[in-house]
Amino acid sequence: MAKKATKKKSSFLFEGSDWTFDTMSRTYDAIEEIAINDLGLNVYPNQIEIISSEQMLDAYSSIGMPLMYQHWSFGKHFVREEELYRKGARGLAYELVINAKPCISYHMEENTMAMQALVTAHAAFGHNHFFKNNYLFRQWTDAEAILNYMEFAKGFIAKCEERHGPAAVEEVLDAAHALMDHGVFRYRRTPRGAPHKEQMRARKRQEYEERTFNDLWRTLPSPKCGAEPSEAEVEIAKRKKSLRLPEENLLYFLEKNSPILEPWQREILHIVRKIAQYFYPQKQTKVMNEGCATFVHYYIVNKLYDQGMLTEGAMLEILHSHSSVVFQPSFDDPRYGGINPYALGFEMMQDIRRICTEPTEEDKRWLPDIAGNGDWRGTLRDAWANHRDESFIQQFLSPHLIRKMRLFVLSDSEKDDYYTVSSIHDERGYENVRRTISRNFDLGMIEPNIQVVDLDLRGDRQLCLQHIVRDGIPLAEKNRAEVLKHIRRLWGYDVSLHGVDNTSGETVYRDSTAKPEAAA
Amino acid sequence: MPNFIDRRLNPKDKSLSNRQRFLRRARAQLKNVINQSVKDRSIADVDGRQVVNVPTKGIGEPRFHHSPRGGKRDQVFTGNKEFTSGDRLSKPKQGGGGSGGKDAADSGEGNDDFSFTLSREEFLELFFEDLELPDLVKTNLKEVIAFKPRRAGYTVSGTPTNINVLRTMRNSYGRRIALHRPKQSDIDAIVAKIEALESQPGHDDTRARRLDALQDDLARLLRKRKIVPFIDPLDIRFNRFEREALPNTKAVMFCLMDVSGSMGEREKDLAKRFFILLHLFLKRRYDKIDIVFIRHTHEAQEVDEDTFFYSRETGGTVVSTALEEMLRVIKERYPTQEWNIYAAQASDGDNFSGDSEKCVRMLDQEVMPLCQYYAYVEILDEREADIFRSSDNGTALWRAYQEAGQSWENFQAKRIAQPGDIYPVFRELFAKQNKGAGAPQKAKA
């Protein structure tokens, strides 16, 4: 092991609580040694920035980006955070990390040296590794370009404000922000090829058809001649195809097809959409991302301590803040606020390590692929790279951990006046608990499924949206109407929204910006 | 080795402009909140740090999200204690409870009022409807001067109460060392030696000689101690005080208001803003401000703030009674050499016929000589505002006060119909004062 390579076995990296750039850099090197050579992490180059608490508040309010265009909603978040912080109701994060290359982590100047060590391991290696290796981030975000892009976005929007007035820009941004959750591509799609490529493909397809032409096919009777689709239906199908409907990325659709937007407004939608897409992987990997960072810092500081590089005082301080981060209160505790993603992620990764090295019979039955393979580092790296929360939980949550956290499923049906405990942590319940918790962390379940399904560009140009209602869970109505108004503003004509039940296909509700009676 | 960057010295307040955008956005709601706070708060603390609660209307950020209620949903919780599968738990009657673990996560901010703190400047700007308050600290009010002793070094003469012990003892110590004043311990040592020799039995010459020598020493030391005293008049130092002219830091503000039936809710609200503004000006200048509320109908009385603004009186209107009451209070409690006196009067202009002349006479002869400043506002109906724009015509009281305004520089009379009209009343005064203060400086240079 790499442990032997470090020579200064007895010398502490730092003593006392004050940090200097010197101790920071020495500690960083020791952490890097373990992270790279022991854990085998693969990270972007690090850039560590020291900021004050006020700057942390600033960073908070602009959704964690170092550069951000200006908008009143960021000011709103700022005053809110500031109020909470001043009152002492909420502490500030010790760090903030940005998925960019180089990977930027903000460390608070108030941190003690022990905290700086923890934070370095957590952000500069844990999160950093996750950003660089997880497939979602690799697929959807461009770490090298994001900062340049944000600089462009900020400048562009400032210029728009100069030219068109802040009010006009604000209106577009408000509407775009309302659709931010529905401004992402959820699946990889074939890129729309350049025109000459399209032509080439068409020619190839034609050649293929010519080559495989068989006159016999013509003689087959056409199926169900009577049910020939009517002309109108054909028209609709054609129209939908030409607009590539249905489309779930509402912002993309509006950007490309809105009849009233000017080019600069389309560009603003594009910017907001890009940012939404950039953050989309982070929303899907809360448990994994935090779990990975927490696991990495926990492993590294323990290693440092074992090598005699941390004082006992520093270690105690680190453990104290570590345990408050992974604290998971029970459901009946007043502090309970749902499942703590740090706790779940960390516990699961510790559990994977246990399963790899000292599996029980039960583990071998449930997780035959990894139980006892001995290579927990490789297993974890693989999990970090190839999963998101939902699949990670579905794949790796072991009965052992379900029992340890005493997880149980509560079913809530609107028509009953009671809740049912449908499963608990026993042999019969493991499967259901695991499935349910994984669905609870599935963004596809958390966010409503809303798509553009139709519009008639030659008629009244009404834009039809469809909400696929799952399990009868409706949208929050007040917000629904507000958001529709925003969409109408971007689309320029009336917008209607239909809720369609996912199993029966029945229309559950209709809402429209057109006329009050249509909304009934 | 990573790239360390110290960003602490970067400019702060990156969010300032976002904050301003937010305030602009929430303006309508903030105005309501602040108007409310004018009603709820007393004059003196209206501009304190303001925690405002803004309803989320207009500053909401709507998104499509699932409703916390309805449909069928499964949710995983931690920390099961006694449940087994199949157990049924009755739902709590209203909201609350563990039911909607989801709703908090989904809706984020919820529909509660949004609460945050306004800075003083932000509050004042909203309060006075975009009036840009000038840098009030620089305003130069005329004031009564008082004297206050100020420490100014040390002196060799003075009264015993002002002796500076530390200085005196330090001088004494230095002198004693320089002049070799024998210490008590030296004397004690010699006395002890003498006693020791004397107590020895027998006689011999050497001992007698030594004893003599010691006696001589002792006598010399004692003599020297007398010559060099422990404390000499030379040592003594006194604290020196200078009388310094100090601007008087106390002010009293008289609020006079007509509370007869013709003053309605709106009039009183405007009057309150007017009083608040004067108070704000004064607060920047003085450490201690007393506020005296005098209300009048056909008779005047001093009341507390609540009664002043919120109780109703009926009766006629005789303005001079309020002036009389004010003079009485000044005589009783606020001698002019100690207090700066400011007066603000609000009325709708009604007065008992013939009384207005009496008021002007009283102002001219008695009130104005005592006051730093006297401001009068006449609160107009909004519909009348345009008719009465020019100051010539108007009620008898108004015309009478116009006269007073001409003879006294520190008298202001204005008509107001909206909160925005209040500020100019004071602006003219302070602008004038600034000019006055600027001129002599120029002459000096």
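How many residues does the contact take from chain B and from chain A? The contact takes 61 residues from chain B and 99 residues from chain A, where contact means heavy atoms within 4.5 Å. This is a predicted model: local features need pLDDT of at least 70, side-chain atom pairs count only at pLDDT 80 or more, and totals for chains, interfaces and linings use all residues. Residues are numbered from 1 along each chain as its sequence is written, chains are lettered from A in the order in which they are written, and side-chain values use heavy atoms, leaving out hydrogens and water.

| Chain B with chain A | Value |
|---|---|
| Buried area | about 7,500 Å² |
| Carbon and sulfur share of the buried area | 53% |
| Salt bridges | 10 salt bridges |

Buried area is the accessible area (1.4 Å probe) that two parts lose on being put together, summed over both. A salt bridge is a side-chain nitrogen of Lys or Arg within 4 Å of a carboxyl oxygen of Asp or Glu. A:E161 forms a salt bridge with B:R21; their closest N and O atoms are 2.7 Å apart.

Now the loop residue. B:I231 sits in the loop between α7 (205–227) and β7 (238–247) of chain B; helices (H or I, at least four residues) and strands (E, at least two) are DSSP runs, numbered from the N terminus. B:I231 is partly exposed, with a relative accessible area of 37%, because that class lies between buried (under 20%) and exposed (over 50%), using a 1.4 Å probe and protein chains only. Not counting residues up to four places away in sequence, B:I231 touches B:M169, B:S172, B:R175 and B:I236.
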